[in-house]
2 protein chains.
Amino acid sequence: MSAAALEFWFEFASSYSYPAAMRIERIAHARGVPVVWRPFLLGPIFAAQGWRDSPFNIYPVKGQYMWRDLERVCAKEGVALRRPTRFPRSGLLAARVASAAADEPWLAEFVRAVYRANFAEDREISEPEVIGAVLKSLGVAPTIWLGRAQEAAMKDRVRQQTEAAQARGIFGAPSFVVGEELFWGNDRLEDALDWYLHRR
Amino acid sequence: MSAAALEFWFEFASSYSYPAAMRIERIAHARGVPVVWRPFLLGPIFAAQGWRDSPFNIYPVKGQYMWRDLERVCAKEGVALRRPTRFPRSGLLAARVASAAADEPWLAEFVRAVYRANFAEDREISEPEVIGAVLKSLGVAPTIWLGRAQEAAMKDRVRQQTEAAQARGIFGAPSFVVGEELFWGNDRLEDALDWYLHRR
């Protein structure tokens, strides 16, 4: 089974997607592995499992562990973390912008900047003002891309991506796909890269 | 915060506890870290979260992923795996024997042999005949230890260990505890060892 790239499936609301998003391009590039960025939404996937909130909120003991573990993971990676005052924040708008910008050279930097806004700067990424400020900081015209994000085609694209994730057996984020092989969790990134290089 | 040892909290029914149990002694010994084996039961902890079965059965998509991921993890570690025809199997009897044998030199080998019986040999570890055969293979008298496992003190000990796990914020297995620090999952063993050596 040959895979053209490592697919990085992420959700802007997802806490463990944050360190994955911050490190994937650097690590994959160093090993010569191309990455395709696949934003999707966990909400509909969690809803299908009967959850109307993050499992980290539904199961507080697990949530408490996650925040401590995330501190350790981020410290190890040298990634800044400030626990958001609201969790999870809707990643819908950011996912639509990322889908619209799929072929733009600033896509990866946009994704990282949104994650930083959410998990290091405690900013409300569901608000157009915040996403607009992120776009502006990248030298990109906010009005154009916020406009594109609201087009029906972009709304469809995010919905289709989410359906594709579900069809693929994805149940959490971050997930990595190499051909037929699925890897779940920031701590499986290295395994996914190994798989791409040796088994695809 | 000083920790005398790395505590290894495991449940004989737990799939990811299997590779952890098979490798922990070797890896910890190589790094000079003492290990304390802490058998406990996930059932009461899951029940407190509203689950009456393994989450890998309740959420089949997650279960399907787990079995594939476990294949990869075991292959990487050189650990044999045959998917059990029944999952989860009750680890209660084995946990009682392990509690009774807490100070015996054959404890670690007993734990590994029970995991192999469950996850490599597809044997019914809830049955006294199977645990008896495991004990016998270690050169230990089955009747004595199966007898001790049924003593009220041993039943209490497993119950107390499970309550202690819950009090400690443990919500899954395997878990590793170093002083105040909790690590969850086979893939956190190296982090737990690092913590013991550098941060305790």
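Analyst: Glu181(B) forms a salt bridge with Arg72(A), and their closest N and O atoms are 3.1 Å apart; a salt bridge here is a side-chain nitrogen of Lys or Arg within 4 Å of a carboxyl oxygen of Asp or Glu. The model is a predicted one, in which local features need pLDDT of at least 70 and side-chain atom pairs count only at pLDDT 80 or more, while totals for chains, interfaces and linings use all residues. Residues are numbered from 1 along each chain as its sequence is written, chains are lettered from A in the order in which they are written, and side-chain values use heavy atoms, with hydrogens and water left out.

Between chain A and chain B the count is ten salt bridges. On the side of chain A that touches chain B, the elements giving two or more residues are helix H4 (60-77), strand E4 (181-184) and helix H10 (189-198) of chain A, where helices (H or I, at least four residues) and strands (E, at least two) are DSSP runs numbered from the N terminus. H4(A) gives the most to this side, with eight residues.

The contact (heavy atoms within 4.5 Å) takes 22 residues from chain A and 22 residues from chain B. The area buried between chain A and chain B, meaning the accessible area (1.4 Å probe) that two parts lose on being put together, summed over both, is about 2100 Å², and carbon and sulfur atoms give 52% of it.
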